[in-house]
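I opened this notebook to record what I looked up in one structure. The entries below follow the order in which I consulted it.

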Amino acid sequence: MPSTDTSTDLSATAFTVAVDSAAPMAAAGVRIPGRRLAARLLPLLAEAELLDSPAGWGTVATPVGAFRLEPVRLGRDLELLTGWMNDPEVAAYWELAGPAAVTAAHVRAQLDGNGHSVPCLGLLDGRPMSYWEIYRADLDPLSRHYPARPHDAGIHLLIGDGTNRGCGLGTALLRAVANLVLDNRPRCTRVIAEPDIRNTPSVSAFLNSGFRCSTEIDLPGKRAALMVRERALRNLI
């Protein structure tokens, strides 16, 4: 089951407080509006650039239609997500089958977290048909299992309607979402994913959308294929 660390490392609020309380630095600081940020706080700035803006990433044209990400709202989306999580093909890998409370707890842990992960619906031609988690892989427990780089972005996804599986749709959407991440997060040099190696259709979709299989890694509950899409190779594969 995908897991994202929701422990509080540095919230945007905490960072704001740190900036506001930093003494002006004449030579060793970086100018921000109305303040100078001490050089010693630069690592905190890097960590504070979290994932709070997929709603503003806009709509992209894909070979299968117009696609966009919309952050989940539990009051609106819980019934839909619960139905998807109880699909046997989805439940085999996400392990969230059961009543709505199971799905709600999983999603709420991210919504109430500190911005390391943003759960989203994927809308194709205006219709919700997939679920995505866009997360900071370098701040996630996943980073203990591979040589993470600052600002690595991770992707979890599921195609909600079984009629949309096995027809190449996942490949097109994975490429689109990876491009959205790279276009909107200039510090991110690569997009990471870790599908279960038993999930052959998922691994194939990643490979066909420009990811490469870097290695296999053992994660809690699964052996995963570490999939990587490099910004530098974006236009080549």
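Entry 1, charged network. I began with Arg68, Glu70, Arg76 and Asp77, which are linked in a network of salt bridges. I note at the outset that the model is predicted.

I then looked up the total for the structure, which is 14 salt bridges. I examined several individual pairs next.

I found a salt bridge between Glu89 and Arg165, with the closest N and O atoms 3.4 Å apart. Glu89 belongs to helix α4 (residues 88–94) and Arg165 to the loop between β7 and α6, so this pair ties together parts that are 76 residues apart in sequence. I also checked accessibility: Glu89 has a relative accessibility of 53% and counts as exposed. Arg165, at 22%, counts as partly exposed.

I recorded a salt bridge between Asp138 and Arg136, whose closest N and O atoms are 2.7 Å apart. Are these residues buried or exposed? Asp138 is buried, its relative accessible area being 16%. Arg136 is buried as well, with a relative accessible area of 2%. Both values fall under the 20% cut-off, and therefore both residues are classed as buried.

I looked up the salt bridge of Asp183 with Arg234 and noted 2.6 Å between the closest N and O atoms. Asp183 is in helix α6 and Arg234 in the segment after β10; the pair thus links distant parts of the chain, 51 residues apart.

I turned to the strand order and read β3-β4-β5-β6-β7-β8-β10-β9 for an open sheet of 8 strands with mixed pairing. Why is one side of β3 and of β9 left without a neighbour in the sheet? β3 (60–62) and β9 (212–219) stand at the edges, and each has a single partner strand, so one side of each remains without a neighbour. From one strand to the next, the twist averages 30°.

I checked the pairing of β5 (residues 117–124) with β6 (residues 127–136): the two strands run antiparallel and are joined by 8 bridges. Leu124 has Arg127, in β6, as its bridge partner.

Note on methods: Residues numbered from 1 in each chain as written. Predicted model: local features only at pLDDT ≥ 70, side-chain atom pairs only at ≥ 80, totals over all residues. Heavy atoms only, no water. Pairing = 2+ DSSP bridges. Helix = DSSP H or I, 4+ residues; strand = E, 2+ residues; numbered from the N terminus. Axes fitted to C-alpha atoms, helices over the stretch in contact; angles between N-to-C directions. Salt bridge = Lys/Arg side-chain N within 4 Å of Asp/Glu carboxyl O. Buried < 20%, exposed > 50% of the residue type's maximum accessible area, 1.4 Å probe, protein only.
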